[in-house]
Structures are given as C-alpha cells and as structure tokens.
Amino acid sequence: MIKLIVGLANFSSEYFNTRHNIGAWYVEKLMMLYNGQCSLKKENRFYGYTAKIVLCDFDVRLLIPTTYMNMSGMSVLSIAKFYQLSCDEILVAHDELDLLPGRAQLKFSGGYNGHNGIKDIIKKLDNQNFYRLRIGIGRPLRKNSITRFVLSEPSLQEKKKLMNYLLK
C-alpha cells in the first residue's frame with residue numbers, strides 16, 4: 001500500500017513552470033482534489049513541503065522536495081526513515097521523456113532511465129524497489145537539447161493537456 005507520494009521538482013522559482021516539475025504539479029493537484037486547497041507545509045527536517053491526505057480511508061503523506069532534482073534522495077530518505085516506510089510504500093511522480101504528453105505509466109522498480117532525480121533516490125535508499133508514476137512530457141526533436149527542453153515551460157496547449165490528464 002502506498003503511504004508516501006513524492007512529486008519531483010527543482011524547487012527554485014525559475015523552474016516552477018517547467019516540464020521537469022510535473023511531479024510536483026501532480027502532488028499539488030492531489031492536494032486540491034482531496035483537501036480543497038494546496039496547503040503543503042514546509043518541513044526542514046524532510047527538506048521539502050509535506051501534507052497528509054486520506055485516500056480510501058488510509059493516510060497518505062505527500063512530499064515535494066525543496067532540493068534540486070539531482071538531490072531528491074536526501075528528502076525521500078529523511079521522510080521514509082522518520083515514518084518507518086519501506087520502499088514499496090513509496091510512489092515517486094516524475095517527468096518522463098519516453099512518454100507523450102497526456103500519457104502516464106505506473107512502474108515498480110527498475111533503473112533510473114536517465115532521470116537524475118530517480119537515480120539519486122535509488123542511491124540514497126540503496127534500493128530501487130519503489131513505485132514510479134512516469135508522467136509523459138515527450139522528447140525534443142533534437143537529442144542534444146534535452147536539458148533545455150525539460151527545463152523550459154510547455155506551450156499553453158501542452159500544459160493544458162498535461163494538467164487535464166494528471167488526475168483523470
């Protein structure tokens with residue numbers, strides 16, 4: 001059973017609206033859906049913003065790390081240790097280049113597929129056996145522009161498609 005949902009992001013205002021932050025958008029949308037507002041509380045001991053929602057009569061913690069993406073593992077490890085969560089009780093929502101916008105895939109375990117946030121979580125947990133919600137952002141036409149693509153804002157049409165799909 002999932003007891004922690006993590007939305008990966010670069011938590012700097014310059015990256016707030018970028019494709020790389022779609023995991024955080026997902027967590028914020030969960031908050032709106034289940035709490036009627038987005039009121040995550042900053043928790044320095046967890047290096048992020050946290051909240052609790054009730055899904056199907058079970059408490060589920062939410063986390064958006066305030067570290068940079070490549071250091072997300074520190075945040076996930078600290079909250080997992082505090083609440084004594086096993087890796088298979090964690091779901092990490094993140095952007096996925098290999099899926100088109102408007103598509104998502106739930107995956108358990110595996111490698112990091114080039115995603116440095118996932119790579120750091122695997123390293124810090126010393127375990128890859130957690131769930132991932134891979135949220136599609138598509139790929140840029142030119143392979144050498146991936147960094148610029150994930151760190152840029154989607155078009156209005158693309159963002160609308162992404163936001164409408166997140167909790168269908």
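The second largest pocket has a volume of about 210 Å³. A pocket here is an open set of points on a 1 Å grid over the protein atoms alone, with protein on both sides within 12 Å along at least five of seven lines, and its lining residues have an atom within 4 Å of a point. A volume is the space filled by probe spheres set on the points, which are joined across faces, edges and corners.

The model is predicted, so local features need pLDDT of at least 70 and side-chain atom pairs count only at pLDDT 80 or more, while totals for chains, interfaces and linings use all residues. Residues are numbered from 1 along each chain as its sequence is written, and side-chain values use heavy atoms, with hydrogens and water left out.

**Second largest pocket**
- Its lining has 14 residues, and Ile2, Ile5, Tyr26, Leu55 and Leu91 lie nearest the centre.
- Helix 1 and strand 4 are the elements that give two or more residues to this lining; helices (H or I, at least four residues) and strands (E, at least two) are DSSP runs numbered from the N terminus.
- Helix 1 supplies the largest share, 3 residues.
- By class, the lining has 14 nonpolar, no polar and no charged residues; Ala, Val, Leu, Ile, Met, Phe, Trp, Tyr, Cys and Pro count as nonpolar, Asp, Glu, Lys and Arg as charged, and the others, Gly among them, as polar.

**Largest pocket**
- The largest pocket holds about 400 Å³ of space.
- Of its 18 lining residues, His20, Gly114, His115, Asn116 and Ile146 lie nearest the centre.
- Helix 4 gives the most to this lining, with 3 residues.
- The lining divides into 6 nonpolar, 8 polar and 4 charged residues.

**Nonpolar cores**
- A nonpolar core is a set of buried Ala, Val, Leu, Ile, Met, Phe, Trp, Tyr and Cys residues joined through side-chain atoms within 4.5 Å, where buried means under 20% relative accessible area (1.4 Å probe, protein chains only).
- The largest core has 25 residues, of which Ile5, Tyr26, Leu40, Ile53 and Leu62 touch the most other members.
- Helix 1 (22–35) is one of the elements that each supply at least two residues of this core, and its share, 7 residues, is the largest.
- Leu62 has contacts (heavy atoms within 4.5 Å) with residues including Leu4, Ile5, Val27 and Leu40.
- A second, separate core of 18 residues includes Leu8, Leu63, Cys87 and Ile122.

**Helix 3**
- Among the buried residues of helix 3 (residues 116–125) are Gly117, Asp120 and Ile122.
- Helix 2 (72–82), strand 5 and strand 7 are among the elements that cover the buried residues of helix 3.

Key: Buried < 20%, exposed > 50% of the residue type's maximum accessible area, 1.4 Å probe, protein only. 1 Å grid on protein atoms, 1.4 Å probe; cavity = no way out; pocket = protein on both sides within 12 Å on 5 of 7 lines; lining within 4 Å. Lists of a residue's contacts leave out its neighbours within four places in sequence.
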